[in-house]
Amino acid sequence: MEMNISLISVAPVSYYWQREDLLRFYADIAESAAQVVYLGEVVCGRRHQMRLDDWLALAHTLRDAGKTVVLSTQTLIDSESDRRAMHKLVEKALAAQFQVEANDLGAVRVLQDQSFIAGPHLNAYHGGTLSWLVALGASRFVVPLEMSGSELQRLLAEIPAGLQCELQVWGRLALAFSARCFTARHFRLQKDHCEFRCIEYPDGLPLQTREQGEFLTLNGIQTQSAHCLDLLAQTQEVQTLGVHVLRVNPMSQGTLEAIEALHSGSHARQPLPAGIGRCNGYWFDRPGMDWVETA
C-alpha cells in the first residue's frame, strides 16, 4: 500500500480559555504548518468568551491565511437553546461557505445532503455506518478514539470510495459527555450557576485516584483522559494505512510543537503541561491510559 501524505488538522479547543489567550493561540496556528482548523464551542453552550459571530470572524481570518476552516457543532445538545444554537451555526457556516463538523446526529440531520465531516463521537465503527454517513453527505469521518491500529486497518478496508479518514494523533482524549457538569459539582455549585469555574483550568481539572495517581480530567460536562495521546512515532504507519488527516487536539502547551513535529516527521517528544503523562494504549489494543514504548 502506498503511503498517503496526510494533512495536519487542529481540533476545536475543548477548554474554556480567556478570549485573548484563544485569539493568541489561533494567531500562532495561522502561522503554523496545520492546513485544517476546526473552530467552535463543542463542550458547553454556557461558555461565552466567544460568540458565534466571533467564531465566524476568526474563521474568515484563518481562511485568508490559507487554512481550510471547519465550524464544529456542540457534542451534547441537551436544551432548546443548544438546539437553536446548532441550527444557527450550521446556517451561518454554510452561508459563508465553511464546511461543518457534525458532532451529534441532530447536526447530521440538519446537514443532510450537504457536505459535512462526521465528528469523532458518531460511533463509526464499521463499513455499514460509513456507507450510511456518506449517503447523508459525509466527506470525511473522524475515527473513534478507542479504535486500535488493527481495527482501523480492517475498517479502512471497507471505507466507501471518496470518503476521507481523520485520526487524532496527539492531545487529550475526550472520553465522555454528561448532562451534569462535574467541574461545577467539584465546587458544590449547580450547573446553571457554575460561576464558569472551568476557565480557571486551561487544561482541565485533574482527577486522581486515592493513591494520587493520574486518572481522568474534568472539563465541564466533558470527561477527558488524564494523559495526552501521543502517536507521533506511529505517523508513518498511520499514513500507510490510508489516513488522510492527522488531528491534533489542543492543549495549553505542546500543541504548536506537535504540529511542527508532524510537519517535519520528527518523533521527538513534545513538552506537556506539568504533571501530564502520555498514553497510546488504545492504538496497541491495550487500556487507553497505557504507554507502550516504541523504538
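The model is predicted, so local features need pLDDT of at least 70 and side-chain atom pairs count only at pLDDT 80 or more, while totals for chains, interfaces and linings use all residues. Residues are numbered from 1 along each chain as its sequence is written, and side-chain values use heavy atoms, with hydrogens and water left out.

Searching the whole structure turns up 4 aromatic pairs; rings of Phe, Tyr and Trp (its six-membered ring) pair if their centres lie within 6.5 Å, and planes under 30 degrees apart count as stacked, over 60 as edge-to-face and the rest as tilted. One of these is the tilted pair of Tyr16 and Phe196, with 6.3 Å centre to centre and 55 degrees between the planes. This pair ties together distant parts of the chain, 180 residues apart: Tyr16 is in the loop between strand S1 (7-10) and helix H1 (19-30), and Phe196 is in the loop between helix H7 (182-186) and strand S8 (205-208). Helices (H or I, at least four residues) and strands (E, at least two) are DSSP runs, numbered from the N terminus. Tyr16 counts as buried because its relative accessibility is 4%, whereas Phe196, at 25%, counts as partly exposed. Here buried means under 20% relative accessible area, exposed over 50%, and partly exposed in between (1.4 Å probe, protein chains only).

Trp17 and Phe25 make an edge-to-face pair, because their ring centres are 5.4 Å apart and their planes stand at 80 degrees. Both Trp17 and Phe25 are buried, and ring pairs join Trp17, Phe25 and Tyr26 into a cluster.

Charges turn up over rings, too (NZ of Lys or CZ of Arg within 6 Å of the ring centre and within 35 degrees of the ring normal). Arg197 has its charged end over the ring of Phe187, 4.0 Å from the ring centre, and the charged end of Arg247 sits over Tyr38's ring, 4.5 Å from its centre.
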